[in-house]
Amino acid sequence: MDLLQVEKKWQEKWEQTRLYSFDRSRADRKKYILEMFSYPSGARLHLGHWYNYGLTDSYARYMRMKGYEIFQPMGFDAFGLPAENYAIKTGIHPEDSTLKNIETMEKQLKAMGAMFDWDYEIKTCLPDYYRWTQWCFLQLYKKGLAYRKEAPVNWCEGCNTVLANEQVVDGGCERCGTPVIRKNLTQWFFKITDYAERLLQNLDGLDWPEKTKMMQRNWIGKSTGGEITFRLENGESFTVFTTRADTLYGCTYAVLAPEHPLTLKITTPEQRKAVEDYIAYAARASEIDRLSTTREKTGVFTGAYAINPVNGRRIPVYAADYVLATYGTGAVMAVPAHDERDYEFAKKYGLPIERVVKGREGEDDSLPYVEYGVLVNSEEFSGLSVEEGKKAIIEKLKSEGKGDFKVNYRLRDWLISRQRYWGAPIPIVYCEKCGEVPVPEDQLPVRLPYDVDFTPDGTSPLLKSESFIHTVCPQCGGKAVRDADTMDTFVCSSWYFLRYPDSKNDKKAFDSEWINKMLPVDTYVGGAEHACMHLLYARFFTMALHDMGYVDFDEPFSRLVHQGVILGPDGARMSKSRGNVISPDEYIQKYGSDVLRTYLGFGFSYIEGGPWNVDGLKAVHRFLERVERIVMRLNDVKTESADGKKELLYAQNYAIKNVCADIEAFSFNTAIARLMEFSNSLNKYLDASPDKTVSANAARTLVKLIAPFAPHFAEELWEMLGEEYSVFNQPYPVCDESALVLDTVEMPLQINGKVRGKFQVPAGASKEDIEKQIMATPALTALFEGRPVKKMIIVPGKIANIVI
């Protein structure tokens, strides 16, 4: 079979007959199966695309044959830094390069032979999409969930833009690797922290990988404790959040984040230069670096003193970069005897270290002692357990107006402003008279101008576009300027799954009644690296839109599956520098896309991935050739026979049962292994005395079973069998459980633990029956003839072991 010609033939027929077009009238039977959409990089489809899209399509094809109406759209996450950086390097406009790349990838994706319904395609860089991204911004703004403030941000000098915490990797920009610094800028934020508890609680009900749910739990970072107010000698005050109020009597100094608004305000004249120098030093480190437990602790004395609210003690106030302004309150009470960071800092700067918790009897409680023991040196609270002490001390402070119980979250509000060109403009204008004014919805989209100098210089490129930046105020008609920043591209991908089912709607982002029928997404497939960014942001958007009444559901993805990573043949991640990158193109040109897809399913555990092995690809090619020969051999079967029929039907139904379970679990490697076993059984049957009807039914079953993995190949075989187009309109085979009950089972006979023979016994035979049969069968007794039997161990249906 010429697989390349076969693929071309069936792709043309699928398109002509619109086989995979979604039937909206069957929405009650829908399965919304979605792969995370890709960025149009311009390179040809790599193995990662194939692994995600090809095998998720196999799952979707299986579900179609199970009777579901499949909605499987495709689109492109088209804004972002790569296109802009490419434009800066080459001079090719981001819009031109992106749309050209999309055109290339559309052809490649169609050649994959997937069921994507291109009628619902979206491209996030086009005005008909980002108009509604801007609409989403305005809804969040009206709800009080979008706000603007000055804040310390991660700044990449290489890309000249702000980065979210999640986009800082090992202290550098995830895109270019430039060390990230901290600086203050006025930025737009989404108030995702309002949803912290709900984002946490809803995880329990999601059919998601436990590891991903744990990553989100840790990222949200719920802590239960107390908030305590410290008064400064100059009359100012600050609050700290702590989970260990029981150690308050051991607080011997306090620490403010270098960027805390009080830091310079309370600094004495004598310490001012030292503090200013330290603030500049701290700005050069990323938050991740500052939180590292292995990094040397540094700080500087501000010259100011605070009062410990529980005992009136005067304690020095330091600025230190191991405290972050963006976490908690930006201030901490330092208890060096019971905190490792505080202990290291106190040792370095000669600060007092005083025990207020001792260990249980026999426990090593050398300092720093961070376990839960018994309070000491804590006045009336001495002798209490840590949990009792936490509660009692906060209750005392609460009664005095100096503190209260508090729940804190590690999660920060989502910073969405970007000082880049290639993104969705923020729909806000600034009027001298009216101030901050949202663009009216009927004036959307705020179009991204084409003719812009986007060479990075530390300011937003849109500031250089006079025609864009200058406008009129929607409220008073006076002069106004537009916001010059663009939105983080994660905003575009936080709602795209809502747009897909209603992608042509030019009146609304989506029709709520229709979307409530189509969502949540039934199965969402993509990389685990998105756990704390895209997947969290999409959940936040969905919850917010639910609370505004736009959708009935508050979670976007019912089931989540992560694919693994295909490694190079050397077992390392593929990279050009290692020279181990495998391009799928040469293998598709030689073997066809069905062989590649089936190999990707067979050669790896889907959620784990593994190293590429071309021998596995060749083995799959030989397997498909064997299946083709089986179908071709049917013409030679003319007889009727009962020989071997029961065994073949057992093998057939055993395959059906297990393949179905495996595909539903995304265990494609074991599913394809079952198909190979069944094809071997069918081949063996055809070599014996086959029955014409049984053979033909088994071959049809095999073709239908293999169809999700090799769709073009299966269509061709289905036609060769004389069946009606299309195999994908056929129901997937259903297991006949009665065929799995055999009259007899084969058991191995071991002598002293080594297999010496095999024999058949009735399926329900007891131990006694099996023992009698062995002793009454000369061929078996001959194996231990002349030697007394010491013991006979029998597990019915499994094994018989004779000890002599």
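The structure holds 37 salt bridges, a salt bridge being a side-chain nitrogen of Lys or Arg within 4 Å of a carboxyl oxygen of Asp or Glu. Side chains of opposite charge can pair when their charged atoms come close. The model is predicted, so that local features need pLDDT of at least 70 and side-chain atom pairs count only at pLDDT 80 or more, while totals for chains, interfaces and linings use all residues. Residues are numbered from 1 along each chain as its sequence is written, and side-chain values use heavy atoms, with hydrogens and water left out.

One of the salt bridges joins the side chains of Arg 244 and Asp 246, at 2.9 Å from N to O. Both Arg 244 and Asp 246 are buried (buried means under 20% relative accessible area, exposed over 50%, and partly exposed in between, with a 1.4 Å probe and protein chains only). A further salt bridge is formed by Glu 400 and Lys 402, whose closest N and O atoms are 3.6 Å apart. Glu 400 counts as partly exposed because its relative accessibility is 38%, and Lys 402 is partly exposed with a relative accessible area of 31%.

Arg 633 and Asp 687 also form a salt bridge, with their closest N and O atoms 2.9 Å apart. This pair links distant parts of the chain, as Arg 633 lies in helix 20 (residues 614-633) and Asp 687 in helix 22 (residues 668-687), 54 residues apart. Helices (H or I, at least four residues) are DSSP runs, numbered from the N terminus. Arg 633 counts as partly exposed at 27% relative accessibility, whereas Asp 687, at 58%, counts as exposed.

Key:
Helix = DSSP H or I, 4+ residues; strand = E, 2+ residues; numbered from the N terminus.
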